[in-house]
Amino acid sequence: MKILFTAGGSPGNELIFRKLKLDHDIWFADSDLDRISNVISNNRKFLVPLVNQPDYFKNIVDFCFREKIELLVPGIDEELVRMHESFKLIKQTSLFLPSKLFIKNMLDKYLSMQILDNLDIPVPLTLKLENAHQFNFFPLILKPRWGRGSRGIQIVTKKEELELYTKIKKLNNEDYICQNYEEGEEYTVQILNSKDHKNTLIIPLKVLLKKGVTLTAEIDFDQDIIELCKNIAMKFDENNIYNVQLIKTFKDNSLKVFEVNPRFSTTTCILTSIGIDPFKLDSCQINQLELKSFQGLKLNRTLSNEVV
């Protein structure tokens, strides 16, 4: 299959290329080709404008048409909805994404928590910044309502600090949310659904080290997390892949989903090391029980120094 990844410099892409290059023709698009690993050959790198530039989507569409790309894997939050719109009339290229509505709902970190709460999915108390005075306990997490990664996230320890930080940074009430801070172990969970919905796989990774992106994590098939994410998969009934981030609290081992990323995550690359080709899930013979043999398998990211 001919596949194009955007966000080509994402840290998981070199592992995907190493593991799947014999099974697929894979290209990686980025606005800075130096960010793409040198493990990936130069003829598999495609230079594009920044995602906020007006000709970004035209470049992607033209490349897919020219190279007869069969599957596009978007990796940038800001492009997800537009990709659905840009490719709705292009039959030769499918998108490895959940539905447009699911994407719009989950990218809104306030709306997504309301939706999950209404479905009886456990989430931390989440309020718009303008209603933060309703919190009677600290610390809180202050973060952008829209945005990717850990950008703009601040832990606030008391009410006065929240007021001062909001004033100094001139934060817009509509653009920021506050969440109850839960101490515990963080998990990043891949949920994969085949298009016929006959196969759903849940792969939880316990985050051991994180600096903006996850640097070290290990597979942990915690049964409570598996059941919670199966429930999420059943209630949303979405194709392809998305990523659930949650906390298992130290206080009582309860689970709290604090974010849903409606796209291919940077940690999804570990699937290729446990016998899963995410792009052939319809024909995948692996079931959830068989995956338990990979308990404790660790994803570890280190810096490499290259002189070119």
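**Close-up 1. Phe96 and Phe279, each of them buried, in the predicted model**. In this predicted model, the ring centres of Phe96 and Phe279 lie 5.0 Å apart with the planes at 70°, so the two rings form an edge-to-face pair. The pair links distant parts of the chain, since Phe96 belongs to the loop between strand S5 (94-95) and H4, whereas Phe279 belongs to the loop between S14 and strand S15 (298-300), 183 residues apart. Ring pairs join Phe96 and Phe279 with Phe5, Phe17, Phe28 and Phe264 into a cluster.

**Close-up 2. The stacked pair of Phe5 and Phe28**. Among the 13 aromatic pairs found in a search of the whole structure, Phe5 and Phe28 are stacked, at 5.2 Å centre to centre and with 20° between the planes. Phe5 is part of strand S1 (residues 2-5) and Phe28 is part of strand S2 (residues 25-30), so their pairing ties together parts that are 23 residues apart in sequence. Both Phe5 and Phe28 are buried.

**Close-up 3. Helix H7 and its buried face**. Helix H7 (residues 223-236) comprises 14 residues and spans 20 Å from its first C-alpha to its last, close to the 20 Å expected at 1.5 Å a residue. Its buried residues are Ile225, Ile226, Leu228, Cys229, Ile232, Ala233 and Phe236. Seen down the axis of H7, these residues fall within an arc of 165°, so they line one face of the helix. An α-helix has 3.6 residues a turn, so residues three or four places apart point the same way. The buried residues of H7 pack against helices H4 (100-107) and H5 (109-118), and also against strands S10 (184-193), S11 (200-211), S13 (240-249) and S14 (255-261).

**Close-up 4. The two ends of H7**. At the start of the helix, a side-chain oxygen of Asp222 reaches to within 2.9 Å of the backbone nitrogen of Asp224. After the helix comes Asp237, whose phi is positive, near 55°.

**Close-up 5. Leu246 and Val257 in the largest nonpolar core**. This core has 57 residues, and Leu246 and Val257 are those with the most contacts inside it. H7 contributes seven residues, the largest share of this core. Leaving aside residues up to four places away in sequence, Val257 touches Met113, Leu116, Ile121, Pro122, Val123, Pro124, Leu228, Ile232, Val244, Gln245 and Leu246. Apart from this core lies another, of 24 residues, including Tyr56, Ile69, Met83 and Leu107.

Note on methods: Residues numbered from 1 in each chain as written. Predicted model: local features only at pLDDT ≥ 70, side-chain atom pairs only at ≥ 80, totals over all residues. Heavy atoms only, no water. Helix = DSSP H or I, 4+ residues; strand = E, 2+ residues; numbered from the N terminus. Expected span 1.5 Å × (residues − 1). Buried < 20%, exposed > 50% of the residue type's maximum accessible area, 1.4 Å probe, protein only. Arc of directions from axis to C-beta. Contact = heavy atoms within 4.5 Å. Polar contact = N/O pair within 3.5 Å; in protein donor to acceptor, adjacent residues only side chain to side chain. Core = buried A, V, L, I, M, F, W, Y, C linked by side-chain atoms within 4.5 Å. Phe/Tyr/Trp six-rings, centres within 6.5 Å; stacked < 30°, edge-to-face > 60°.
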